Amino acid sequence: MENQKTQFPKVIIIGGGFGGLQLAKKLKNSAVEILMLDRHNYHTFQPLLYQVATGSLDSDSIAFPLRKIFQNQKNFNFRVAEVKRINPDEQYVMTDIGNFEYDYLVLATGSETNFFGQKAIEHFSMPMKTIPEALNLRSLILQNFEDALNEKNPEKKKALMTFVVVGGGPTGVETAGALAELKNHVLIRDYPELDFHFMKIYLIEGTERVLEPFSKQASKKAKEFLQNMGVIVIEKALVTQYDGEKVIYNNTESIFTKGVIWSAGVKGALIEGLDKAPIVRGGRIKTNNYNLVEGYENVFAIGDLAYMETPDWPHGHPGVAQVAIQQGQQLANNLIRIINQEVPKAFDYFDKGSMATIGRNKAVVDLRFLKFQGFIAWLTWMFIHLLFLVGFKNKLITLINWIVTYFSHDRGSRVILHKFNRQTMTEDSIAK
Ligand SMILES: Cc1cc2nc3c(=O)[nH]c(=O)nc-3n(C[C@H](O)[C@H](O)[C@H](O)COP(=O)(O)OP(=O)(O)OC[C@H]3O[C@@H](n4cnc5c(N)ncnc54)[C@H](O)[C@@H]3O)c2cc1C
């Protein structure tokens, strides 16, 4: 085993996302030895991934080195490791760098893109869950325009300039809006030889309305904003095929495109080995109200991965950062209670509301007792995102970027660092 020797209970946290981060921070002065394992050495601020993909922000602005966050925390250790399997009987996890023992294990692995078993769609469309994926998408968008310049066949040229965003949740809406702004303010100027009447942006949503979990008022306004920006919004439509050339939706309708962005769903990022754990809808792990995984006594799950039914949330909590943050904080307190043989407290989610931005001066905010849209909503969205972004430097750089973008309409980060090659793509191919 690779762990350091210590007299304190060993807590392994798999995942340095929103939940894992808060849990480890909150355990700072506690008598436990923490080992965090993550396949990346940084925390990703996923809500702004779409801005990296569309050239508004550099990837560094939304990533923060995990070691730096915990520099002054004595009971914290970190390893970059891919966790492959859990052995709950012997209480250790198997990783690509060795095995690590635990007394308490916390699964905070979040979620991954759900292609609903559609292999061709998975192969040809672009997910956006990680920074490497967002950078791949940025490369694809820019490469499509470089290729369009050289394409003689008008149909193929159109396909290179057509983007289809599948899934009209907050990610899809924000991405479609950002693409429209990229078109209207940047690409038109960068590629004067191309006819931008050919450039089309589609947003396809399976349910009755975009931003389905939001209020009807927010959905209506978001759709209106998108349409005014030139996005073609198609609701009640299911994408069933994409072969790299043609998207088919509702089984008969088709769009020729070389750029499909898949934001239609996520599923829990499961790790093998927890055979007793009930896996429920969306690949999430069922826990009790203390985040303890059903069937186990010392294995917990928090955030996107966890499925917890409460009277207020009978079908589980939404997969949003606030749930992960609050569960991480609560579990820290509960772990200490459990170690001290006290009774843990049930988790009670405080829903602070939802928001999504569609573009410059255009956002929708749903708070518990107040719903508003437009400029004030957009300012609120920016303020909240800056507040939660990790690291003072990242906050400052992002704010400066947004101010410059606001006045210039420009998007500074549009270099093709690595040519995106779909055939050889792995999650980290961009960094190789
Ligand atoms: C594009 C996008 C936009 C979003 N926008 C918003 C928003 O505006 N507002 C909002 O509230 N929420 C938003 N979300 C959702 C929010 O980001 C998630 O709910 C939140 O990140 C969940 O936190 P978590 O701690 O459960 O997991 P994550 O933050 O996803 O962290 C999981 C961590 O586990 C690591 N990991 C996973 N598997 C392994 C393994 N096997 N071995 C080692 N490490 C592993 C990953 O590298 C990652 O660091 C968005 C998500 C995406 C993808």
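How many residues of domain 1 are in contact with residues of domain 2, and how many of domain 2 take part? In this predicted model, nine residues of domain 1 are in contact with six residues of domain 2. The division of the protein assigns residues 10-39, 81-113 and 266-339 to domain 1, whereas residues 119-264 and 360-431 make up domain 2. Taken over C-alpha atoms, the centres of the two domains are separated by 31 Å. Between them, domain 1 and domain 2 bury about 520 Å², and 62% of this area falls on carbon and sulfur atoms.

The position of the ligand can be described in relation to these domains. Because both domain 1 and domain 2 give residues to the shell around the ligand, the ligand lies between them. In total, 27 residues surround the ligand, and the closest are Gly19, Asp38, Gln46, Asp304 and Ala321. Sorted by residue class, the shell comprises ten nonpolar, twelve polar and five charged residues.

Several contacts of the ligand involve its oxygen atoms. Aspartate 38, which is listed among the closest residues, has an N or O atom in its side chain at 2.6 Å from an oxygen atom of the ligand. Backbone atoms also take part: a polar backbone atom of phenylalanine 18 lies 3.2 Å from an oxygen atom of the ligand, and for alanine 321, likewise listed among the closest residues, the corresponding distance from a polar backbone atom to a ligand oxygen is 2.9 Å. Of the 1,000 Å² of accessible area that the ligand has on its own, the protein covers 90%. With regard to secondary structure, the elements that give two or more residues to the shell are helix H1, spanning residues 18-26, and helix H9, spanning residues 321-339.

Conventions:
Residues numbered from 1 in each chain as written. Predicted model: local features only at pLDDT ≥ 70, side-chain atom pairs only at ≥ 80, totals over all residues. Heavy atoms only, no water. Near = heavy atom within 4 Å. Polar contact = N/O pair within 3.5 Å; in protein donor to acceptor, adjacent residues only side chain to side chain. Areas by Shrake-Rupley, 256 points an atom, 1.4 Å probe, with all protein chains shown as cover. Helix = DSSP H or I, 4+ residues; strand = E, 2+ residues; numbered from the N terminus. Nonpolar A, V, L, I, M, F, W, Y, C, P; charged D, E, K, R; others polar. Domains from an automatic or database assignment. Contact = heavy atoms within 4.5 Å. Buried area = accessible area lost by both parts, 1.4 Å probe.
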